[in-house]
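Reader: I am new to this structure. Could you take me through its features one at a time?

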Amino acid sequence: MLLPGLKQSSCYQVSPEGLRVRKLLDTQIACANSTCFSPDGTTMYFCDTPERVIWAYDYDTKTGDATNRRDFIDFEARGRDGVPDGSTVDAQGGLWSCNITAGKVTRYDPNDGSITCVVNIPGVTTPTCVALGGKDMTTLFITSLDGSLNQQTGEMEEPRAQEHAGSLFAVDLAAAGLPYSGLPEPLFAY
């Protein structure tokens, strides 16, 4: 169940050498999503999807500590539709978040959370995760569920008549005249 969600899990961190596991966030979580980092690694974004808030944390790249939680995007307070799901950060620092149940991906300015770009996905209401890649890191890849979510209960329902539900989408940002590009994913150190 996604909404309102039973908080039965947590967010853990594995040490660089892979020998230790510790609880990163001191809170119970129903559905962890949106975990990504600013280009310099000092801001961590995270959401518990049923809460409908993407939080920003100060992230210490030396200790791996996430502190000073604050609301980055509060979907309820800002009247945003859908709920936050998978996210990524571009080289310019913008956060791209799938708005699951709303059929779109939204880019938020890292300074004030204002919307700087919206990519609508025709005929699919459930985009789930995004990544930037391709030869020039200017292709926005978007995954989607092969079904739909009930907005009141968060339960999966039978697939609707959505021809492309469950598909992987690719949007060429450069061809669309959008000045955003991705970063290579950092390697896990061990």
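**Reading the features**

Author: Arg-107 is buried, and Asp-90 is buried too. Keep in mind that this is a predicted model.

Reader: Which kind of contact do the side chains of Arg-107 and Asp-90 make?

Author: First the general idea. Side chains of opposite charge can pair when their charged atoms come close. Here Arg-107 and Asp-90 form a salt bridge, at 2.7 Å from N to O. Arg-107 belongs to strand E9 (residues 104–108), while Asp-90 sits in the loop between strand E7 (83–89) and strand E8 (95–100), so the pair ties together parts 17 residues apart in sequence.

Reader: How many salt bridges does the count come to?

Author: The count comes to five salt bridges. One of them joins Arg-70 and Asp-58, whose closest N and O atoms are 3.2 Å apart. This pair links distant parts of the chain: Arg-70 is in strand E6 (residues 66–74) and Asp-58 is in strand E5 (residues 53–59), twelve residues apart.

Reader: Why do Arg-70 and Asp-58 count as partly exposed?

Author: Partly exposed covers the range between the buried limit of 20% and the exposed limit of 50%. Arg-70 counts as partly exposed because its relative accessibility is 30%. Asp-58 is partly exposed because its relative accessible area is 32%.

Reader: Where is the salt bridge of Arg-20, and is Arg-20 buried or exposed?

Author: Arg-20 meets Glu-17 in a salt bridge, at 3.4 Å from N to O. Arg-20 is exposed, because its relative accessible area is 53%. Glu-17 has 36% relative accessibility, so Glu-17 counts as partly exposed.

Reader: Let us turn to cysteines. How many disulfides does a search of the whole structure find?

Author: A disulfide is a covalent bond between the sulfur atoms of two cysteines. A search of the whole structure finds zero disulfides. Take Cys-36: its nearest cysteine sulfur belongs to Cys-129 and is 9.0 Å away. For Cys-129, the nearest cysteine sulfur is that of Cys-98, 6.1 Å away.

Reader: What makes up the largest nonpolar core?

Author: In soluble globular proteins, nonpolar side chains tend to be buried together. The largest nonpolar core here has 14 residues. Those with the most contacts inside it are Trp-96, Val-105, Val-119, Val-130, Leu-140 and Ile-142. The elements that give two or more residues to this core are E8, strand E10 (115–120), strand E11 (127–133) and strand E12 (139–144).

Reader: What does Ile-142 touch?

Author: Leave aside residues up to four places away in sequence. Ile-142 then touches several residues, including Cys-98, Val-105, Val-119, Cys-129 and Val-130. Its contacts also include Ser-167, Leu-168, Phe-169 and Val-171.

Reader: Where is Gly-103, and what does Gly-103 touch?

Author: Gly-103 is in the loop between E8 and E9. Its relative accessibility is 5%, so Gly-103 counts as buried. Beyond residues up to four places away in sequence, Gly-103 touches Val-119, Asn-120, Ile-121, Val-124, Thr-125 and Pro-127. Look at Asn-120 in particular. Gly-103 and Asn-120 are 17 residues apart in sequence, with their C-alpha atoms 6.2 Å apart.

Reader: Is Lys-104 buried or exposed?

Author: Lys-104 counts as buried, because its relative accessibility is 16%. Lys-104 lies in strand E9. Among the residues that Lys-104 touches are Asp-81, Ser-97, Asn-99, Val-118 and Asn-120.

Reader: Which residues make the nonpolar surface patch?

Author: Tyr-12, Val-14, Val-21 and Phe-188 make a nonpolar surface patch of about 430 Å². Val-21 lies in strand E2 (residues 21–23). Val-21 is exposed, with a relative accessible area of 60%.

Reader: What does the secondary structure of the chain come to?

Author: The chain has zero helices and 15 strands. Of its 190 residues, 47% count as buried. The accessible surface comes to about 10000 Å², and 52% of that belongs to carbon and sulfur atoms. Among contacts in the chain with a separation of 6 or more, 41% are between residues 24 or more positions apart.

Key:
Residues are numbered from 1 along each chain as its sequence is written. This is a predicted model: local features need pLDDT of at least 70, side-chain atom pairs count only at pLDDT 80 or more; totals for chains, interfaces and linings use all residues. Side-chain values use heavy atoms; hydrogens and water are left out. Patches are made of residues with over 30% relative accessible area and no salt bridge: like charges are joined within 9 Å, nonpolar side chains (Val, Leu, Ile, Met, Phe, Trp, Tyr) within 5 Å. Accessible areas come from the Shrake-Rupley method with a 1.4 Å probe; for residues, only the protein chains shown count as cover. A salt bridge is a side-chain nitrogen of Lys or Arg within 4 Å of a carboxyl oxygen of Asp or Glu. Helices (H or I, at least four residues) and strands (E, at least two) are DSSP runs, numbered from the N terminus. Buried means under 20% relative accessible area, exposed over 50%, partly exposed in between (1.4 Å probe, protein chains only). A disulfide is a pair of cysteine sulfur atoms within 2.5 Å. Contact means heavy atoms within 4.5 Å. A nonpolar core is a set of buried Ala, Val, Leu, Ile, Met, Phe, Trp, Tyr and Cys residues joined through side-chain atoms within 4.5 Å.
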